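This report covers selected features of one protein model. Please keep the sequence and the structure in view while reading.

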Amino acid sequence: MRSRLLVLLAAAILTACAPVPPREPQALTDDALTVGSFNFGESVLLAELYAQAVEAEGIRVVRRFDIGPRELVQPSLQRGLIELVPEYAGSLLEFVTGGSASSNLGVVRGALAVELDARGLVAFESARAQNRNAFAVSADLARAARVARLSDLAGDEGLALGGPAECPRRPLCQPGLEETYGITFDSFVPLDSSGPLTAQALVRGLVDVGLMFTTSPEVLRSDLVLLEDDRHLQPAEHVTPVANAAAVERFGPRLEEAVNRVSASLTTAELRLMNLRVEVADLTPAEVARTWLVGRGLVAGEG
């Protein structure tokens, strides 16, 4: 009897220690498309745009917004815990390769196609809208100095640059301006990342040039001029929805067509304005997204 009990006990221990077969992610087996976003406002807004357009095609959508940074979002997408995320082309390529991305969207998309395919992912068409680094001046300075491009600043003396504290060390910030454009700065003022401190410093003349994101509402609120990156320092950061390949296969052309229609209509200027409306008009991302989609004829209006 004692030996039999020992055998049964050993069997129970082995069973308890045996690896449990992984459960298939629910998002890949239900009848809905799970749309995710990063944990910042513009990403939630973009996710709403695509989610509502997909819903208008009769596909049920589950929203999983504010997940976190790319380190959390990307594995979730690959595992099928979420099935579609609006991405930024250059940043995504740099994340998956650990290298730098070109300013040419076609080059970036070509490299992304290879990397994403190996991960079971698919990139839909990219929008014209980009959220990338840009360098701004006040409207007054742009008119007075007749500057529209970054190369117009080469040779100017006494310039002050403003931006986040890490700017003097980042290749796409002060070192890039100096090496790519030959711009020299007499001083650097640490401010915020494309926020009100940088905008006000530009308006008040405390700095001459400031780092701003191209879709920042501060560009509109403070009447700033974004200088053209005419020597292509910054990587292409076009909004690019990325989906799990299994979801693309499951929902077929309806999903692809709905997503691509949104991207075909979305510009940087419109995304900037929508961001402003969320901030100052006390509207939710869902409300702002719906207004834009109805206005473009991408979803039906009331009535």
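## Basis of the model

The model is predicted; local features need pLDDT of at least 70, side-chain atom pairs count only at pLDDT 80 or more, and totals for chains, interfaces and linings use all residues. Residues are numbered from 1 along each chain as its sequence is written, and side-chain values use heavy atoms, with hydrogens and water left out.

Helices (H or I, at least four residues) and strands (E, at least two) are DSSP runs numbered from the N terminus. Two strands count as paired if DSSP finds at least two bridges between them. Five strands form an open sheet in the order 7-6-8-5-9, and the pairing is mixed. Strand 7 (187-190) and strand 9 are at the edges with a single partner strand each, so one side of each has no neighbour in the sheet. On average, neighbouring strands of this sheet are turned by 35° against each other, direction ignored; axes are lines fitted to C-alpha atoms, for helices over the stretch in contact, and angles run from 0 to 180 degrees between N-to-C directions.

Strand 6 (residues 160-163) pairs with strand 8 in the parallel sense, over two bridges. In this pairing Gly162 stands opposite Gly210 of strand 8.

## Strand 5 and its partners

Strand 5 (residues 133-138) runs antiparallel to strand 8 (residues 209-213), joined to it by four bridges. Strand 5 is also antiparallel to strand 9 (residues 224-227), again with four bridges.

Buried means under 20% relative accessible area, exposed means over 50%, and partly exposed lies in between (1.4 Å probe, protein chains only). Five of the six residues of strand 5 are buried. In strand 8, four of the five residues are buried, so this strand is largely enclosed by the rest of the structure. Helix 8 (residues 196-203) lies across strand 5, strand 8 and strand 9, and runs at about 145° to strand 8.

## Glu87

The side chains of Glu87 and Arg70 are joined by a polar contact of 2.8 Å. A polar contact is a pair of N or O atoms within 3.5 Å; within protein, one must be able to donate a hydrogen and the other to accept it, and residues adjacent in sequence count only if both atoms are side-chain atoms.

Leaving aside residues up to four places away in sequence, Glu87 touches several residues, among them Phe38, Gln74, Leu92 and His238. Contact means heavy atoms within 4.5 Å.

## The disulfide

The structure holds one disulfide, defined as a pair of cysteine sulfur atoms within 2.5 Å. Cys167 and Cys173 form this link, with their sulfur atoms 1.9 Å apart. The angle about the S-S bond is -85°, and the link is left-handed. Cys167 is buried at 1% relative accessibility, and Cys173 is buried with a relative accessible area of 4%.
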